[in-house]
Amino acid sequence: MLAPFLLLGLAVTAPAQPQNTAAPGAAPCDKPVYLTFDTGHMGVAPLIVDTLKRYDAKATFFLAQEPTMDGGQTLDDKWAPWWKQLAEQGHDFGSHTWYHDAWSADLPDGKFRFKRAAGEQVPQNVVLRAAEYCEELKRPARRFLEMTGRPMSMIFRAPAGRTSPALIAAAQACGFRHVGWSASGFLGDELPSDRYPNQALLEQALRRVKPGDILMAHLGIWSRQDPWAPTVLEPLLQGLKSRGMCFAPLRDHPEYVAWMRRPQEAVARAASTTGATGASGASGASVAPSPKDALRR
């Protein structure tokens, strides 16, 4: 059982996630791209991480409690040591909501409608108040602390990249800042293989990705017959590296560096628990750039 001051999932005295420390004499990363991965079926997750190691690439992982190919869930006890190892390797981590709730609409009285679906689950429509959505963001952070002993950064990625100004405001009110991806950073791993083969996705990424981009892929997509990783990931990293690019975590991104390096005391105050749970039965929405909305993963 965690001590009371840890119930948020962020200990005031807990160490921050490791800073990006280059080896002595190493050249600075002056043309960075920012690799990010959302959870998925996890079947290719170890292959992805092995590839990152070979290229000394740090990434940012956004965590939700999703079904896995082995019949478990992404944040269950089986995967806990794996997440701890990733934290020790110096990657960054953020919330992807607990149930993978993708925003659908703003409703009266400050409520929101979501499509709740992950993997091959049948989608459900749920309605959450702002405080309940805040709890959805915090649950992965609490579980991450349990698994790794480290606080999660107070960043999140909305499933399918779907947000509204009201949803962003609700998240920021409980301490979370949203991270989308660059238009050229959508790597296409969630698209159907027959229409978007791996070679086409690789060639497109190598043409379009430029320094400063935030790239987005997943730790396994159920619907894709020809797995994207590591078939595309390895030559993509090699190709970007040959063009002088390097791979940095989001804590080094100019838009997020100050946010992610705030003192832990400030983080803990900003994200104190609300005690809200569950679901009940202003527009200006936005969707992160993508060829399609992938609510079924």
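## Buried cysteines, paired strands and nonpolar cores

Cys 174 is buried, at a relative accessible area of 6%, where buried stands for under 20% relative accessible area, exposed for over 50% and partly exposed for what lies in between, with a 1.4 Å probe and protein chains only. The model is predicted, so that local features need a pLDDT of at least 70 and side-chain atom pairs count only at pLDDT 80 or more, while totals for chains, interfaces and linings use all residues. Residues are numbered from 1 along each chain as its sequence is written, and side-chain values use heavy atoms, with hydrogens and water left out.

The partner of this cysteine is Cys 134: the two form a disulfide with their sulfur atoms 2.5 Å apart, the criterion being a pair of cysteine sulfur atoms within 2.5 Å. The count under this rule is one disulfide. Because the torsion about the S-S bond of Cys 134 and Cys 174 is about 135 degrees, the disulfide is right-handed. Cys 134 belongs to helix α3 (residues 130-148) and Cys 174 to the loop between α4 (165-173) and β9 (177-178), so the pair ties together parts that are 40 residues apart in sequence; helices (H or I, at least four residues) and strands (E, at least two) are DSSP runs, numbered from the N terminus. Cys 134 is likewise buried, with a relative accessible area of 3%. Gly 175 also has its place in the loop between α4 and β9, and this glycine is buried with a relative accessible area of 3%. Its C-alpha atom is separated by 8.3 Å from that of Ile 155, a residue 20 residues apart from Gly 175 along the chain.

For the protein chain as a whole, the secondary structure comes to eight helices and twelve strands, and 55% of its 297 residues count as buried. The chain exposes about 12,500 Å², of which carbon and sulfur atoms supply 53%, the areas coming from the Shrake-Rupley method with a 1.4 Å probe.

Strand β1 (residues 32-38) is mostly covered, seven of its seven residues being buried. Pro 32, Tyr 34, Thr 36 and Asp 38 lie on one side of β1 and Val 33, Leu 35 and Phe 37 on the other, and all are buried. The strand pairings of β1 are set out below; two strands pair if DSSP finds at least two bridges between them.

| Partner of β1 | Bridges and direction |
|---|---|
| β10 | five bridges, parallel |
| β2 | four bridges, parallel |
| β11 (residues 246-247) | two bridges, parallel |

Elsewhere, ring pairs link Phe 37, Phe 61, Trp 79, Trp 82, Trp 83, Phe 93 and Phe 144 into a cluster.

A nonpolar core is a set of buried Ala, Val, Leu, Ile, Met, Phe, Trp, Tyr and Cys residues joined through side-chain atoms within 4.5 Å. The largest has 57 residues, of which Phe 37, Phe 61, Trp 83 and Trp 228 touch the most other members. Among the elements that give two or more residues to this core are β1, α1 (45-54), β2 (59-63) and α3, while α2 gives the most, with five residues. Another core lies apart from this one and holds 17 residues, among them Val 126, Leu 137, Met 154 and Cys 174.

How values were computed. Phe/Tyr/Trp six-rings, centres within 6.5 Å; stacked < 30°, edge-to-face > 60°.
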